[in-house]
Amino acid sequence: MSNGNPFIRTNFTKKTLQKLPQVLTLYNDYHQSVQTIAKALKMSPMTVSNLLKQYGNGLRPSKIEYVNKVDKLGDEIEFMYYDQLMSTRQIAKRLGVEPNFVKDYLNKFSKGTRGIKEACQLRTNDEYSEKLKEKQLGELNNCAKLTEEMVLKIRKEYEKMLDMGHSKTQAQYYLANKYNVKRPTISDAVLLKTWKHI
């Protein structure tokens with residue numbers, strides 16, 4: 001898509017598109033300029049710029065925009081990071097900026113970011129664990145193989161099978177096969193080791 005701008009080229013050659021991963025890595029991870037990337041990969045700066053606009057997150061703001069953003073958000077970033085002990089990702093999400101912007105600000109204009117050991121200690125307390133449990137409860141968990149509706153059905157079917165004389169293991173294997181999951185997944189669900197909230 002050209003986003004309505006006639007100056008953004010959208011049909012790139014196969015050779016150019018093969019360089020796309022390098023362009024994105026150099027720009028996003030190593031913070032190289034468009035000019036530097038173009039020179040390193042033997043491309044025109046316009047092509048690099050157009051690739052970033054079409055396949056990346058666009059171009060970084062100019063230095064003036066960056067300084068204005070730092071002036072505007074600096075105090076909020078420091079308060080959230082040092083006083084409220086929020087992570088750089090949480091701050092970025094709340095302020096609608098990139099996590100790298102938050103890290104850069106803290107490292108260049110403030111006291112710096114926490115070390116890995118300190119950051120891990122903040123995330124191993126009981127309060128953080130409880131918040132994490134709430135955020136990953138049931139279907140919100142990225143690893144969930146079942147839905148709440150499926151779990152409720154499975155529990156009813158499991159009870160019926162036990163009433164009909166099947167053993168716990170037989171019932172669990174049957175349900176695991178029926179719902180295309182492993183037996184321990186069924187076992188945990190019916191024995192309320194998981195999905196305790198329903």
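At what angle do helix α6 and helix α7 pack, and how far apart are their axes? In this predicted model, local features need pLDDT of at least 70 and side-chain atom pairs count only at pLDDT 80 or more, while totals for chains, interfaces and linings use all residues. Residues are numbered from 1 along each chain as its sequence is written, and side-chain values use heavy atoms, leaving out hydrogens and water.

Helix α6 (residues 88–95) packs with α7 (residues 99–109) at about 115°, their axes 8 Å apart. Helices here are DSSP runs (H or I, at least four residues), numbered from the N terminus; axes are lines fitted to C-alpha atoms over the stretch in contact, with angles from 0 to 180 degrees between N-to-C directions. Look for Thr88, Arg89, Ile91 and Ala92 of α6 meeting Pro99, Val102, Lys103 and Leu106 of α7, where contact means heavy atoms within 4.5 Å.

Now move along to α10 (residues 148–163) and α11 (residues 168–178), which pack at about 140° with axes 9 Å apart. Among the residues making this contact are Ile154 and Tyr158 of α10 and Leu175 of α11.

Ile154 and Leu175 also belong to the largest nonpolar core, which has 14 residues. Such a core is a set of buried Ala, Val, Leu, Ile, Met, Phe, Trp, Tyr and Cys residues joined through side-chain atoms within 4.5 Å; buried means under 20% relative accessible area (1.4 Å probe, protein chains only). Helix α10 gives the largest share of this core, four residues. A second, separate core of 13 residues includes Leu73, Ala92, Phe101 and Val102.

Conventions. Helix = DSSP H or I, 4+ residues; strand = E, 2+ residues; numbered from the N terminus. Buried < 20%, exposed > 50% of the residue type's maximum accessible area, 1.4 Å probe, protein only.
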